[in-house]
Amino acid sequence: MSTPESVQKPVLPSACIEGQRLNSTAIRLPIHAAASGEVIAWQQVASPDQIDQAVASARASLPAWRDAPVAYRGQLLAAVAERIEARRRVLVQWQMQVNGKPRAEAEQDVSDVAACFAYYAGLCLQCDAFAVEPVELPDSSVSARRERVAVGVAALIVPWNFPMVTTAWKLAPALAAGCSVVLKPSELSSPAEQALFELLAEAGMPPGVVNLVNGGAEVGAALVANGQVDKISFTGSTAVGQRIMREAAGGMKRLTLELGGKSALIVRADADIALAVQLAVAGAFANAGQMCSATSRILVHDEVYRRFMSEFETAVRALVVGPPGHEASQMGPLISAAQLARVRALLDQGLDAGAQIAFAGRVAERADDGFFMAPVVVAEPPSDNVLWREEVFGPVACVRSFRDDDEALALANDSPYGLVATVVTEDAEAAERFSTELRAGLVWVNTPQLIFPQVCWGGLGASGVGRELGLEGLRAFQELRHVVRRN
Ligand code: NAD
């Protein structure tokens, strides 16, 4: 559907295949500026034929890319990292405009994207991760080797909350491994990925190795169903991840699933309370709480509960919620009107079931019809309350008290999810116990949510299958192969 507005606004291609920008007569989706609600671009949707063409293009380019020297792939990835830095301003701008991220968060995202490409470039240039290894056998008449080969054509499907970051975590290792790719960004935040995609060509990526298809759930589903796709790497909701897992079973497609979370932050009695408050604010309200890793279940020891709550309240009330264009803004809007409605409905549902708001912040400056929501802190919700159990994906945090470490661990681990956790303590032994016993793919001790490309990301249980980043992030795009031959 096209409107007169679309005449003035940029119209993004439905697909980019073999280096060509394609259009489609199918529906167009509006791209909003989260801080104002204004339509700032229109996104064309890929047709079923274009989705097939994109996969066919990836398939055709696979042999040359897979068999190219690893160092060549490394040089291209390094060139992409350099182009990202060179085009930082425009990439930051898209994050601020579409997602409404404050400048500091948008800058951090772009740094993470560049660091990810640089890391996988380094692995390729260093070559060790690709070495063919001899395997010792108890029979001298034969010898064996172990090697890793690219999985093949990879479909990369990503959400809107960290658009280019979730893409980079898939794209850089997939290309390093020698896979060719079809990327499907979120229909809510595609301009950033479009800009990133254009950098790949500028960096010299051969046409056809990376292809782009745009649109929503139907486009993602068609990609998943395509018989020429060997691997699906998906980041998004647990519900969609489960659907993809069922669908992928037919073709035995390889899967990486980065899904939801309901993570805990634990404040022991010996914690540095100022640090705990700082980590709680960032863990619950960075990116307006729209983080799979949001530590939205905060557990505080009885002895320091009152002091923590008092300092947390001061910090939350001082949080400047406003448009990204204002330098003072520390928290931006949610991504869309639908997301705002969803978060508010969950909050109402939790409050109707007996949860109580302890305190809330406020929106400092509202721009027009932006999708802003003030941060909310709920105290002592029961274990079966929806706000304690379900991923809200917005600025709502719950706090509960605990009496001892056993109770803190039991509460923290009582969730189907297991993505991340944070523990704040000055006691090294206790820190070790929590690091070992918390059911999470990544535990931070006394640090903010630091992310390094060397450290893997991924969760247990309902938080997903597999790992991204680090060496395992590369392995996720490789198949292991052994050869045994008579001497
Ligand atoms: P979503 O599951 O609705 O959509 C994610 C992507 O999948 C989008 O591109 C969407 O168009 C596509 N999609 C939707 N239905 C599909 C289908 N049936 N088949 C194939 N593709 C389909 O999630 P969202 O609302 O975009 O993102 C929020 C979710 O992402 C949250 O649950 C969050 O926890 C999760 N997330 C997880 C991580 C992680 O690393 N674990 C990181 C970021 C976000």
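**Entry 1: the ligand**

I started at W457. An N or O atom in its side chain is 2.9 Å from an oxygen atom of the ligand. I noted that I am working with a predicted model.

How much of the ligand does the protein bury? Taken alone, the ligand exposes 840 Å². The protein buries 89% of that.

Next I asked which elements give two or more residues to the shell around the ligand. I found α8 (217–225), β11 (231–235) and α9 (238–249).

E391 has a side-chain N or O atom 2.6 Å from an oxygen atom of the ligand. E187 has a polar side-chain atom 2.8 Å from an oxygen atom of the ligand.

Which residues come nearest to the ligand? There are 28 residues around the ligand, and V158, E187, S237, L259 and E391 come nearest. I sorted the shell by class. It holds 15 nonpolar, 8 polar and 5 charged residues.

**Entry 2: the two domains**

I looked up the domain assignment of the chain. It gives domain 1 (11–259 + 464–486) and domain 2 (264–452). Domain 1 is written as two stretches of the chain.

How far apart are the centres of the two domains? Taken over C-alpha atoms, the centres of domain 1 and domain 2 are separated by 31 Å. I also checked the contacts.

The shell around the ligand draws at least three residues from each of domain 1 and domain 2.

**Entry 3: G470**

I picked G470 and found it in helix α16 (residues 470–475). Is G470 buried or exposed? It counts as buried, because its relative accessibility is 0% and the cut-off for buried is under 20%.

I looked for its contacts, leaving out residues up to four places away in sequence. G470 touches Y119, Y120, P453, Q454 and C456. I also checked V455. V455 and G470 are 15 residues apart along the chain, yet their C-alpha atoms are separated by 5.3 Å.

**Entry 4: T295**

Where is T295 found? I located T295 in the loop between α10 (273–285) and β14 (297–301). T295 has a relative accessible area of 0%, so I wrote it down as buried.

What does T295 touch, not counting residues up to four places away in sequence? I listed S263, A264, L265, G283, A284, T422 and Q449.

Notes. Residues numbered from 1 in each chain as written. Predicted model: local features only at pLDDT ≥ 70, side-chain atom pairs only at ≥ 80, totals over all residues. Heavy atoms only, no water. Near = heavy atom within 4 Å. Polar contact = N/O pair within 3.5 Å; in protein donor to acceptor, adjacent residues only side chain to side chain. Areas by Shrake-Rupley, 256 points an atom, 1.4 Å probe, with all protein chains shown as cover. Helix = DSSP H or I, 4+ residues; strand = E, 2+ residues; numbered from the N terminus. Nonpolar A, V, L, I, M, F, W, Y, C, P; charged D, E, K, R; others polar. Domains from an automatic or database assignment. Buried < 20%, exposed > 50% of the residue type's maximum accessible area, 1.4 Å probe, protein only. Contact = heavy atoms within 4.5 Å.
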